[in-house]
2 protein chains.
Amino acid sequence: MQNKVLVVGSVALDDVETPFGRRDNALGGSAIYFSLAASCFARVQLVGVAGQDYPPQALALLHRKKIDIEGLNIVPGETFRWGGKYHTDMNHRDTLYTYLNVFADFKPTIPERYRQTPFIFLGNIQPSLQLEVLRQMQAPQFVALDTMNLWINTARSELMEVIRQVHLLMINDSELFELTNQRHLLSALSELHHTGPRIIVIKKGEHGALLSYYKKDRNPVRNLFYAPVYPVRQATDPTGAGDSFAGGFLGYLTACSRISFRALKKATLYGSIMGSFVVEGFGVDGLLKLNATKIDQRYRLLRRMVALK
Amino acid sequence: MQNKVLVVGSVALDDVETPFGRRDNALGGSAIYFSLAASCFARVQLVGVAGQDYPPQALALLHRKKIDIEGLNIVPGETFRWGGKYHTDMNHRDTLYTYLNVFADFKPTIPERYRQTPFIFLGNIQPSLQLEVLRQMQAPQFVALDTMNLWINTARSELMEVIRQVHLLMINDSELFELTNQRHLLSALSELHHTGPRIIVIKKGEHGALLSYYKKDRNPVRNLFYAPVYPVRQATDPTGAGDSFAGGFLGYLTACSRISFRALKKATLYGSIMGSFVVEGFGVDGLLKLNATKIDQRYRLLRRMVALK
């Protein structure tokens, strides 16, 4: 049986402005970006909530991508809505508004059929909800966690509780340092590995991603793998890059027969590539016309960017 | 005959404070960092100016490293002095003072014996002085140029004149965009390659370095090589990282029999490694106790950081 990956996260409609234009009512939310990216590699089960305004075409799209949406609850009210505007350099953005709407009362209920799913991605939601998901899963083999500084600052003890239970933590540079009170990369990684996750992926946005796969008594530099970003001709909208990275990463890993350091390295590269596709278009557009050939072409070019020969 | 590399740049005494301590009267200046890093690979000829307060131990050190200092003029007055303080994250610093002193009247005169030297590094000084150096050189085979936003803003036409004459330009991300008015990496590189230098190295500080080696009619991504940074246990003082990178890069290249894309890639890795050594100590300390074994050990670990196997 083909392995499946379950994702829990936000489902949103976004109004986004970048130096290259604007788009209203774009499909967004971590669960949506993750699902579309991961669906290029594996079967995805989506757990989330949307309002009755959620466009039927979006549901049709997810269906077409063979994403299982039994876990997507459509409830009375409006869908989570986020409005944001990116600065000229696109490394910074202002959040114009966040209307949680139906997402405010989100209590993830895992459909019976999903509870044996071995791969799990806990998207960036409240740590207490992430714990709630883990309690319902019956045979987790590999759990990956995303989080953000908001939870580090407001729900630290619940967050640490989740971190202790996961195999992989995705985090960015500054969150790594906030979480550990260390000032240097290697010591921060070491401290965090000791609290639980054997695998840490540091997302560096336009500067790539760093994988750390903890093995005791090894020179810590030998635990590291670095994936550059694929240089796109035009980055249009960075929204969803991190979740698409996670989707490529975990989608690839779900399709692997064995989780080795080598498989994790390749997963990091595929994550980077899915991030590069999504930033080329507004919202999820960059993820919609992909196929194995396009993905593998970028993979080979990315490999070449670090090859001596 | 062993190839030599000539460097023209600043010779300074620095007062530096970082979150890890402070150091007064530290040896500094682009020509000093470059020379010490490059001397691990090739013979270096230094052109610069210092005051009569320049410490004799510094001259003895350069001599010990077999750096040719006939071109270092010691003149009446005080040495260029820079005072700086790094912020907690060490990615930003405040300049507390800059006393040009004898550097204000620096007019580089290339000793007769240096004029046939094939490899040349034009450190970050006024573009008009860089042009003056080039006019005196009789057989340049490979000229590398460093610059900064100050010259982009205040001496743009002279700077463009230098850029047209060099083989390699070292620049950082934001300077690349200021110089070209492009918003995307590939188009900025393409525009800049067309103005002259076939080789561009984008220095990204803690995020590594990107080499672009222009070949027409090739997918531009295939022109790129990315070197990550070597993750040090403790970064103590970032001063001089860029110039040490340049020293490692050009020192290695000077020792190569042929300038191929492969040689340039390896040069980028050696540049990154020399940058990693220098940030571990205050001032030039990190460059003083190196040998081929230590350098090659880091080289192998850095290669491993991007290797799949």
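**From one chain to the contact**

Author: In this predicted model, chain A has a radius of gyration of 18 Å, which agrees with the value near 19 Å that a compact globule of 309 residues would have. The C-alpha trace of chain A spans about 55 × 45 × 40 Å along its principal axes. Chain A holds ten helices and 13 strands, and 48% of its 309 residues count as buried. Of the contacts in chain A between residues at least 6 apart in sequence, 67% join residues at least 24 apart.

The contact itself draws 24 residues from chain B and 24 residues from chain A. On the side of chain B that touches chain A, the elements giving two or more residues are helix H7 (185-195), strand E13 (224-227), helix H9 (261-278) and helix H10 (292-304) of chain B. By class, this side of chain B comprises 13 nonpolar, three polar and eight charged residues. Because 100% of the interface residues of chain B are also interface residues in chain A, the copies meet through the same surface.

Finally, the largest nonpolar core has 196 residues, and among those that touch the most other members are A:Ala144 and B:Ala144. Beyond its neighbours within four places in sequence, B:Ala144 is in contact with residues including B:Phe121, B:Val166, B:Met170 and B:Leu250.

Key: Residues numbered from 1 in each chain as written. Chains lettered and ligands numbered in written order. Predicted model: local features only at pLDDT ≥ 70, side-chain atom pairs only at ≥ 80, totals over all residues. Contact = placed C-beta atoms within 7 Å. Helix = DSSP H or I, 4+ residues; strand = E, 2+ residues; numbered from the N terminus. Nonpolar A, V, L, I, M, F, W, Y, C, P; charged D, E, K, R; others polar. Core = buried A, V, L, I, M, F, W, Y, C linked by C-beta atoms within 7 Å. Buried ≥ 20, exposed ≤ 12 C-beta atoms within 10 Å, placed from the backbone. Rg over C-alpha atoms; globule rule 2.2 N^0.38 Å.
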